[in-house]
Amino acid sequence: MRYAIYFVPDPDTDLAEFGARWLGYDVETGTTFAAPIVRGLEAESWGGLVSEPARYGLHATLKPPFRLAEGRSEGELVEALRGFARTVTPVRIPVLSLKHLRGFFALMPAIRDEQAEALSARAVRAFDDFRKAPTRAEIARRQAAGLNARQQANLERWGYPYVFDEASFHITLTGRTDAARAADTEDILTDFFEPLIGRALFVNRVALAVERQPGVRFEVLAATTLGHPLAYTHRAVQLDAM
């Protein structure tokens, strides 16, 4: 199993609804959806665009996926999530924009937001005691992509190359898109997410997501509001009542 710490929007927000329908999967409820009806988008091409990000659900990664270290439990991780949330305040990103990032499309701050990046950095450090060291095969797979010196150092110390200054807060919407299709894909995404682009985004929730078996979709196990002690599982079971 692998776990990750995500920002996931509140289920009642437009971002959560639009994101789940675009990806065809709601990471909190497990609900699946057919291809959205968007001008210029065919169901087959949509499936190819979202097959990879749909595995993870709509989110922004704060702590990249990791396997649980020996001697640590899922229950301890849930409690750590609540403790983390109590010490962190929400972040307001003034303007959300659509960008092409390292070959894929994502919703991101219009300009780099230092508060959002600081939140991600804090999560990377706060949950690292729960992370099992990557295997040699996992390290080799990351290195095969070609890493710079800082990314290599991050991989060795934090188990993932793209953290801290090598990362950018983003909400992934597609897999890798070739240059020939990028312009058309951007038009489709702009049309679909038009009500959200240019608006502010409140990063006010953190979630613990889990991949129960390799290759299956992540699902939200628990989530909590930043600055607030309450948390709940993805099927609305109140942890505080347990």
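## Strands β5 and β6

Strand β5, which covers residues 104–109, pairs with β6 in the antiparallel sense over 2 bridges, where strands are DSSP runs of E with at least two residues, helices are runs of H or I with at least four residues, and both are numbered from the N terminus. Two strands count as paired if DSSP finds at least two bridges between them. Ala106 has Thr172 in β6 as its bridge partner.

These strands belong to an open sheet of 3 strands in the order β4-β5-β6, with antiparallel pairing. Its edge strands, β4 (96–101) and β6 (171–172), each pair on one side only.

## Basis of the model

This is a predicted model, in which local features need pLDDT of at least 70 and side-chain atom pairs count only at pLDDT 80 or more, while totals for chains, interfaces and linings use all residues. Residues are numbered from 1 along each chain as its sequence is written, and side-chain values use heavy atoms, with hydrogens and water left out.

## Helix α6

In helix α6 (residues 149–158), the buried residues are Gln151, Gln152, Asn154, Leu155 and Trp158, buried meaning under 20% relative accessible area and exposed over 50%, with partly exposed in between (1.4 Å probe, protein chains only). Seen down the axis of α6, these buried residues fall within an arc of 165°, so they line one face of the helix; the arc is taken from the directions from the helix axis to the C-beta atoms. On the other side of α6, Ala149 and Glu156 are exposed.

The buried residues of α6 pack against β2 (60–66), α4 (114–126) and α5 (136–143), with contact meaning heavy atoms within 4.5 Å. After α6 comes Gly159, which has a positive phi, near 80°.
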